[in-house]
Amino acid sequence: MSGPVAGGPAASGPAGAGSAPTTSGHYIGGRWREGVAGATFASHNPAHVDEVLGHFAAGDADDVDAAVRAAKEAFPGWARTPMPERADILLRAGRLLAERKEALSRLMTREMGKVLTEARGDVQEGIDMTLFMAGQGRRPTGETVPSELRRKRCFTERVPIGIVGCITPWNFPLAIPTWKLMPALLAGNAIVFKPAEDTPLLAVRLVEILIEAGLPPGVLNLVTGTGEQAGAALVRHPEVAAISFTGSADVGRSIAAACGGAGKRVSLELGGKNAMVVLADGDLELAVDGALWGAFGTSGQRCTATSRLVVERGAVDAFTERLVARVTTLRLGDGLDPATDVGPIINERQLRRIHGYTEAGQGERARLLAGGAIATEGTLAEGTFYQPTIFADVRPTMRIAQEEIFGPTVSILPVEDFEEAVTVANGTRYGLSLAVYTRDLHKAMEAVDRLESGIVYVNAPTIGAEIQLPFGGTKGTGNGHREAGTTAMDEFTEWKTVYIDYSGRLQRAQIDTHQGG
Ligand code: UN1
């Protein structure tokens with residue numbers, strides 16, 4: 001059964017090109033159902049915008065409320081289920097994801113646009129995260145700590161928070177939902193999941209897999225729809241104890257304000273303005289490979305995308321020349337075509353936004369070396385494509401050097417030396433991912449010490465995080481949380497501290513231990 005509306009088990013077509021559009025409702029309390037208001041929206045293929053992948057329920061506050069009520073009912077039973085039993089469900093889900101990897105990847109290319117090799121990477125990241133969390137289900141969940149008093153035991157344990165709202169972006173339609181859902185489920189929370197409105201079909205497929213893996217009704221509820229309607233209702237709902245959000249900085253700040261006012265836990269991952277520092281002693285060929293992958297992979301639509309190339313003066317001409325020569329060979333197109341290097345932009349609004357940054361760069365007199373336009377040749381006109389774009393002579397204060405573009409646009413910022421490189425790389429409000437290319441061990445380690453970001457790469461671009469390590473950033477990128485890795489459990493649990501006194505008498509901490517003064 002896959003995402004049917006109004007009770008009827010509607011079969012969905014195979015997830016390959018040309019399959020019939022699906023129709024999906026919300027998944028609430030163990031069944032698929034239409035939205036209370038009955039409104040729907042469509043998901044399109046950004047490489048051929050006329051191709052509709054499916055119609056989805058446009059959720060509102062009533063749907064969110066129904067989902068929260070279902071989660072509330074399911075929570076106590078799920079929280080009491082032994083963690084290894086919860087983990088077994090994740091293990092089955094991980095296996096199902098692996099079995100369906102190719103079909104999910106093709107569907108992702110059609111719904112989100114990223115080229116097929118990258119879509120396979122996204123699904124693999126989801127498999128890795130799911131299996132990693134399944135393995136965490138038999139690991140210690142706290143510490144035994146010595147007491148200062150005799151016949152007294154102290155320990156800590158992690159407990160679930162309650163009902164958690166997970167709001168995910170479209171750029172990693174499978175991986176990022178698994179970063180949130182899997183640890184939240186393992187920890188014993190009940191969830192209301194609101195995926196991005198641009199990629200609801202992948203979310204429906206992920207939920208189906210978790211249902212098939214054996215998740216009890218009400219533990220995971222899906223409400224599709226817009227951020228303004230469904231997302232905002234979830235953030236405001238008084239019974240939702242925590243929100244985990246990945247998305248834009250503006251939306252993140254308003255969510256943080258709403259959660260702050262309501263005394264609600266919130267974890268934010270809000271993007272970056274990531275820089276690759278290329279020092280004159282670095283391997284330039286390697287740095288060019290890294291820059292192309294970091295800046296134009298996923299059409300630059302990653303929070304970790306390499307958006308600034310901070311290049312030491314001695315290397316800037318040779319680096320720029322090689323980069324421009326290589327960028328002109330990149331082929332734009334449908335990500336299902338194996339010849340395609342760079343896929344489409346998610347939607348028209350983002351396309352216009354990206355072009356707005358090209359105009360801003362030109363307005364501030366940066367030198368446009370490549371791209372700079374919406375691509376419309378041949379079949380590209382059927383989709384939303386932007387030419388890979390390079391600006392040179394960019395100064396750190398320009399908007400294109402400060403603001404997140406989330407598109408295939410990269411800026412080259414020349415610097416005099418290592419000191420200036422570190423200052424420029426650190427000189428934005430974000431702190432997600434920074435990289436340095438050098439053959440000098442001293443400079444590499446100095447950079448590791450001084451770059452102000454949650455993730456630092458040496459001789460690799462700013463993208464490519466692995467799920468067994470913490471993911472997240474400093475400064476304006478977030479609010480101190482990290483996803484993935486074992487740290488993911490911090491986001492979705494509370495600590496309980498337990499003292500057990502078996503002395504049979506009143507023992508006073510701090511006082512009885514220091515009777516002598
Ligand atoms: C994102 O940048 O939006 O590190 C997530 C990476 C991927 C995840 C990126 N593993 O590039």
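Figure 1. Across the interface of domain 1 and domain 2, the rule finds 0 salt bridges. The model shown here is predicted. What the two domains do share is polar contact: the count between domain 1 and domain 2 is 9 residue pairs, both residues of each pair being at pLDDT 80 or more.

**Figure 2. A close look at the side of domain 1 that touches domain 2.** Which elements give two or more residues to this side? They are β5 (48-57), α3 (101-112), α4 (116-136) and α8 (249-262). Helix α3 brings the largest share, with 5 residues. If you sort the residues on this side of domain 1 by kind, you will find 10 nonpolar, 4 polar and 9 charged.

**Figure 3. The two domains and the contact between them.** In the domain assignment of the protein chain, domain 1 is made of 22-270 + 478-496, while domain 2 covers 274-458. The contact draws 23 residues from domain 1 and 29 residues from domain 2. How far apart are the C-alpha centres of domain 1 and domain 2? The distance is 31 Å.

**Figure 4. The area buried between domain 1 and domain 2.** The size of an interface is often given as the accessible area lost when the parts come together. Between domain 1 and domain 2, the buried area is about 2,100 Å². Carbon and sulfur atoms give 58% of that area.

Figure 5. Side chains of opposite charge can pair when their charged atoms come close. Here D65 forms a salt bridge with R69, and their closest N and O atoms are 3.3 Å apart. Both residues belong to helix α1 (residues 61-80); because they are 4 residues apart in this helix, about one helical turn separates D65 from R69.

**Figure 6. Stepping back to the whole protein chain.** After the close-ups, here is the wider setting. The protein chain has 15 helices and 24 strands. Its radius of gyration is 24 Å, close to the 24 Å that the globule rule gives for 517 residues, so the chain is as compact as a globular protein of that length. Taken along the principal axes, the C-alpha atoms of the protein chain fill a box of roughly 80 × 70 × 40 Å.

How values were computed: Residues numbered from 1 in each chain as written. Heavy atoms only, no water. Domains from an automatic or database assignment. Contact = heavy atoms within 4.5 Å. Buried area = accessible area lost by both parts, 1.4 Å probe. Salt bridge = Lys/Arg side-chain N within 4 Å of Asp/Glu carboxyl O. Polar contact = N/O pair within 3.5 Å; in protein donor to acceptor, adjacent residues only side chain to side chain. Nonpolar A, V, L, I, M, F, W, Y, C, P; charged D, E, K, R; others polar. Rg over C-alpha atoms; globule rule 2.2 N^0.38 Å.
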